[in-house]
Every structure is written in C-alpha cells, then in structure tokens.
Amino acid sequence: MKQIRFLDVGWTYQTLAPKMDAAAKRVLESGWFIHGKEVEAFEKEFALYTGAKHCIGTGNGLDSLELVLRAAGVGHGDDVLVPSNTFIATWLAVTRTGANIIPVEPVESTYTMDPDKLEAALTPKTKAIIPVHLYGQPADMDPIMEFAEKHSLFVLTDAAQAHGAVYKGKMSGTLGHAAAFSFYPGKNLGAFGDGGAVTTMDDTIAENVRKIANYGATVKYEHDSLGFNSRLDEMQAAFLRVKLDKLDNWNWTRKTIARIYLDGLADTPLVLPVVIEQTQSVWHLFVVRCKDRDGLIKHLADHKIETSIHYPKAPHKQGAYKNMAGISLPISEAIHREVLSLPIGPHMDEDDARRVVEVVKDFF
Ligand SMILES: *Cc1c(COP(=O)(O)O)cnc(C)c1O
C-alpha cells in the first residue's frame, strides 16, 4: 500500500530539479544575494500575476502582516478586528504593533470572517480589519469592504493560504487595501526556506512597507523612522520565479482533488467545505468536520493516509493569549474540536484522491 503524504515539499524540487539547479547556480555565480535582480524580477512577476500595482518581498508571512499594519499607522491604543479562527500569526502581527485584538467569529460553513458580526465588534478605537482567506478561500470581501468604508477602516487581507484564489473576478492580492503573503514551503506557492510578500494598489502603503522593512530607510544610512529588517533573499526569489510558472497548474490539481472529495464524500456524515458563489478557492487545505475525529485519523493512518489538523487549539486558548482565555468564542471552539485536514496537493494524483475517498467511506 502506497503512503499518501499530507505534504511533500521534496516533490516540488524533484519535478523541477534542472530549473531549480539552474536558478541556484545563477544566484550563486552572480555573487549578489540581497536586494538584487531576482527579487526585483519576482516582485514584478508576482504583481503581474495578482494584478496588484505593487509587490514588495519580505522575510515571511508574519512580517508581511506586521509591515502593512505599521505602514497603515496601526499601533498602541488601536483595535483591530481579527478572525477568532486563524493561524496564530494573524493575531501575533497585531500584538507586535501594540494594538489590541478584537476576535470576530466566522461563518460556520465557510470558516471565514462573518461580515454580519462586524457591527457588534466595532469599537471607537477600531482602525483595521484583517480578513483571512482561510484554507484557500477568499473571505466574503464585498460586505467587509462596505463596512470598512462606512467606518473608515483599513483592510489588510491575510492571503498566506490563498495564492491565486479569486473573489468575484478579483485575484487574491488585490482584495482589500493590501494583502500579506507567505512563501513558507508548505504554502501553495512556497520557497525552499522562508519568504513573504506584500501586495497593494496603494502607493503610500507600498512606500512605507519598503521603508519599514529596510531599517526605516529609503536612502541608505538615512533612517527617518523606526524600521526593522525583513527581506526576501535572492535565492528564494529565484526559486519562487520557477514555481510561480507552475502555480496555476498546481492549483488546478488541488481543485481536481477537491472535486473528487466533494463528490465522493457527499453521502458521508462529514461536514464538507462550502465555497461561496463567484469564488474560487485554491484549496490550500481540504478541511472536513468529524465528530469522531480521533477515530477517523487513526483509521486513515492505518491505511497509510496522512492527515493534519488546522488548527487543534484556538488562538484565545493558547498560552500566548492567556489574558483572553476567559472569553467565549463558541463557533471557533467548536470548529477547533472537529476539523480535520485531508491530504491535498500537487504531489497527489486522482487515484490517490479516490483511494482517500474509499478509505474515508469505509470508516462510516
Ligand atoms: C502561514 C501563515 C502565516 C504566516 O506565514 P509565515 O511565513 O510562516 O510567517 C500567516 N497567516 C496565515 C493564515 C498562514 O497560514
């Protein structure tokens, strides 16, 4: 029985080895490793891909989020509306700026921020909203933007799981006022190390992000604001350029696998993911809900199928946020108890997906 891996980052190197080797050699022989031609070219190519006016390479996804918040002037004393269910980085970025987190519960069927819950969460100090395109599906942006405009709020989208996703004809990266991407190896577009990017249509945000990420300097050794150091390096940019060429194909494979799961598992007791109208998920994760999660994990593992949980514990239940442990976020808590991620990715083929379906059905 062949093992079905949850993630196989090595596979992406193996399928592209000659091109990756050539990219690495090109960088090594250039003798230029930071802020050079590869980063510049990747920024242009990723801007073109998303349709955003600006793309700025960064060190990772968490930095991308923090850089945008700081570029938008979010800091001490401000409140930020953040999903109650997300990877902790979305929360940490807010905390790192000194601002406060106001958790907003998701729509239970889509797992993304519920626009109808924004009004009740709003405070006089609210300055920004961070919708997360969780699991690869864009948040319901139209009502969120309408609310943001009404209250003059800045909207940063966390697009770390949504390279290539589309909402009503608009690409992830152009939704909201700015978007934060991660190129962590396991993402749909992943480097062979850390990396990230910010995309935006806004000239001032772009300029501020570049400056803050460069020690607060626009001109070398002129530091007129407090910045830090966050850069995409030449090697990762060169690798990402090779992979960007494959992104649409790989996202297509994910969609095919998702389709096989959705059709094949429709008659099981599992709660399946729901994609909202006029939206294209890039299926970073295929997340189901199961009452007997532990049982299903074991059954799949017995059949050599790897699974994972995104995420096992809600951010407000983490030690890092023990000041918030007392608050009640029942939707997020229920989600965290039951979610299970089935394997999905370009390393799998349709037969693998059909085998997963058969083994899951066999559990019930
Ligand atoms: C991966 C991820 C991040 C953080 O990206 P890093 O590159 O690991 O810092 C932020 N938000 C979400 C939703 C993510 O999935």
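**Cavities in the predicted model**

Guide: In this predicted model, the second largest cavity has a volume of about 90 Å³.

Visitor: Which residues are the closest to the centre of the second largest cavity?

Guide: The second largest cavity is lined by 13 residues, and by class these comprise nine nonpolar, four polar and no charged residues. Of the 13, those closest to the centre are Leu134, Tyr135, Gln137, Pro273 and Trp283.

Visitor: What volume does the largest cavity have?

Guide: A search of the whole structure, counting cavities of 30 Å³ or more, finds three of them. The largest of these has a volume of about 130 Å³.

Visitor: Which elements give two or more residues to the lining of the largest cavity?

Guide: The lining of the largest cavity has 17 residues, with Thr12, Pro185, Lys187, Arg254 and Pro346 nearest its centre. The elements that give two or more residues to this lining are helix 1 (9-30) and helix 8 (234-264).

Visitor: How many charged residues are in the lining of the largest cavity?

Guide: Domain 1 (9-104 + 111-244) and domain 2 (247-363) each contribute at least three residues to this lining. Sorted by class, the lining of the largest cavity holds seven nonpolar and six polar residues, and its charged residues number four.

Note on methods. Residues are numbered from 1 along each chain as its sequence is written. This is a predicted model: local features need pLDDT of at least 70, side-chain atom pairs count only at pLDDT 80 or more; totals for chains, interfaces and linings use all residues. Side-chain values use heavy atoms; hydrogens and water are left out. On a 1 Å grid over the protein atoms alone, a cavity is a set of points where a 1.4 Å probe fits but cannot get out, and a pocket is an open set with protein on both sides within 12 Å along at least five of seven lines; lining residues have an atom within 4 Å of a point. Grid points are joined across faces, edges and corners, and a volume is the space filled by probe spheres set on the points. Helices (H or I, at least four residues) and strands (E, at least two) are DSSP runs, numbered from the N terminus. Ala, Val, Leu, Ile, Met, Phe, Trp, Tyr, Cys and Pro count as nonpolar, Asp, Glu, Lys and Arg as charged, and the others, Gly among them, as polar. Domain bounds come from an automatic or database domain assignment.
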